[in-house]
Amino acid sequence: WKQGIMNFRNSTASSVSVAGGIGRDADVSPVKMPHQWERNSRTLVDSARKAQSLSTQQRVNAFGTQRATDQTMFEDNKVSSSALQHTISEAELLKNKSEMQLEAILRETSMLEDEAAHAEATLEKMRDPLAVAEENLNIRRKRPPREMTRDNVERALNEQVAAAKHAIRMLTGVLEACEKELGRLKICREKLEEDIDQKRIALEVDGEALQMESGWNSSQSSPMSRRPAQVALPHMWRQRTENLCEECDRTRATCERLRAKARGIQQDAIENERETRENSLRSLARKMEETGMLRNELEHTLQTTLEELGTMEDARASVEQSMNDKMGPLALARSRLSVRTGKPNPEVVRDVAERSLEKEIGDLEHSIRRLQLELARQTADIQRLEQTRARLEADIKDKADALALEQECEALQLDLGSRMQ
């Protein structure tokens, strides 16, 4: 067709030059000879025939050009329509991929929100064991001074407090991580929604372009006449969606790991709480058993002490009675000895009676002194028994008070166990 256009231009130039020559001859020779006249006619005929031949050739060339341009137009239209259809298909695939990714992001968001809510409920639940353990420690600080020992119960309660605080710290960290990942999921969701919306608009535009049967005239203005300053290349256009989907995949993978970790932390927190609570209950039960045994032993000792105290009182009374019984004979012996001093001097003789009375007085005084010593010893023993009785009663009271406090702590732990089920 290019050769036909060149032939048409050459034939047109030849026709113009021939026509110009004929005009010049007519102007130069207004009167011609017969042979000139005939030659001019024949020349004109030849020129006309040559012009017709050129016109025919040009027509053929024009038809060839028309067919070539029509074929080119058809092929270009087919290629452009195929390209539009391919772009639409590719955009549909990318849009479907973004929509599937958006659904996955929404599901992950819902699951992460549920896990965060469960973690928050577990966090609130773990505050109860902490409060109970601290209350138990405060209750046990009310024990009598002699019962204030750093025993297994106190260690178990401190472990319970430490476990609850650790669980609260871990669950708080989980909630902060969930909030952060939910923010990232929200950003991914907004980006995906924007990408899907842009893909939808692009598909509508490409579909409208594909369905167009006639173009706008030059007098009509195209609504898409203004193109953006920067136009992305196809691989960049595809890569943008691919990168967005990869970012969403990474975010979802992080959220899945976070959910698994959150479940593990919650399970560990619940297990540790149960173990420390059971340990505290075992320690309290053992402590109450030991306290009860000690209290029973103290009560038995108190009973024997009271019996011994009663016996000692009776013995002291007997010693006092014996000592009082010897006061009369001692006074009688002393009176007899004193009366005998009233005899005349020649009759004052240290006879057997005198020695017997002196011996009787000495024996009685010695007996009384021994009885007084025994009485003092018995009095001291009775005082020691009284002091022991007082200490036993105080210790029994302390044990009873401590046992009541331990029972109160056990009741709180049992109530906590029923709430933690």
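A residue is termed buried when its relative accessible area is under 20%. The legends below describe a predicted model.

**Figure 1. Overall fold and surface of the predicted chain.**
The secondary structure consists of 5 helices and 0 strands, arranged along the sequence in the pattern α-α-α-α-α. Of the 421 residues in the chain, 29% are buried. When contacts between residues at least 6 apart in sequence are considered, 90% of them join residues at least 24 apart.

**Figure 2. Close-up of the packing between helices α2 and α3.**
Two packed helices are described by the angle between their axes and the distance between the axes. For α2 and helix α3 (residues 152-211), the axes come within 6 Å and cross at roughly 165°. Because angles over 145 degrees count as roughly antiparallel, α2 and α3 are roughly antiparallel to each other. Their crossing is left-handed. Sorted by class, the contact of α2 with α3 comprises 34 nonpolar, 12 polar and 18 charged residues.

**Figure 3. Close-up of the packing between helices α2 and α5.**
Helix α2 spans residues 34-140 and helix α5 spans residues 352-419. Their axes come within 9 Å and cross at roughly 175°, which makes α2 roughly antiparallel to α5. By class, the contact of α2 with α5 contains 7 nonpolar, 2 polar and 7 charged residues.

**Figure 4. Residues at the contact of α2 with α5.**
On the α2 side, the contact is made by Lys 125, Asp 128, Pro 129, Val 132, Glu 135, Asn 136, Ile 139 and Arg 140. These residues meet Leu 405, Glu 406, Glu 408, Cys 409, Leu 412, Gln 413, Leu 416 and Arg 419 in α5.

With residues up to four places away in sequence not counted, Ala 262 touches Glu 115 and Val 174. Val 174 and Ala 262 are 88 residues apart along the chain, and their C-alpha atoms are separated by 6.2 Å.

Terms used. Residues are numbered from 1 along each chain as its sequence is written. This is a predicted model: local features need pLDDT of at least 70, side-chain atom pairs count only at pLDDT 80 or more; totals for chains, interfaces and linings use all residues. Side-chain values use heavy atoms; hydrogens and water are left out. Helices (H or I, at least four residues) and strands (E, at least two) are DSSP runs, numbered from the N terminus. Buried means under 20% relative accessible area, exposed over 50%, partly exposed in between (1.4 Å probe, protein chains only). Contact means heavy atoms within 4.5 Å. Axes are lines fitted to C-alpha atoms, for helices over the stretch in contact, and angles run from 0 to 180 degrees between N-to-C directions. Angles under 35 degrees count as roughly parallel, over 145 as roughly antiparallel, 65 to 115 as roughly perpendicular and the rest as oblique. Ala, Val, Leu, Ile, Met, Phe, Trp, Tyr, Cys and Pro count as nonpolar, Asp, Glu, Lys and Arg as charged, and the others, Gly among them, as polar. A crossing is left-handed if the near helix is turned anticlockwise from the far one by less than a right angle, and right-handed if clockwise.
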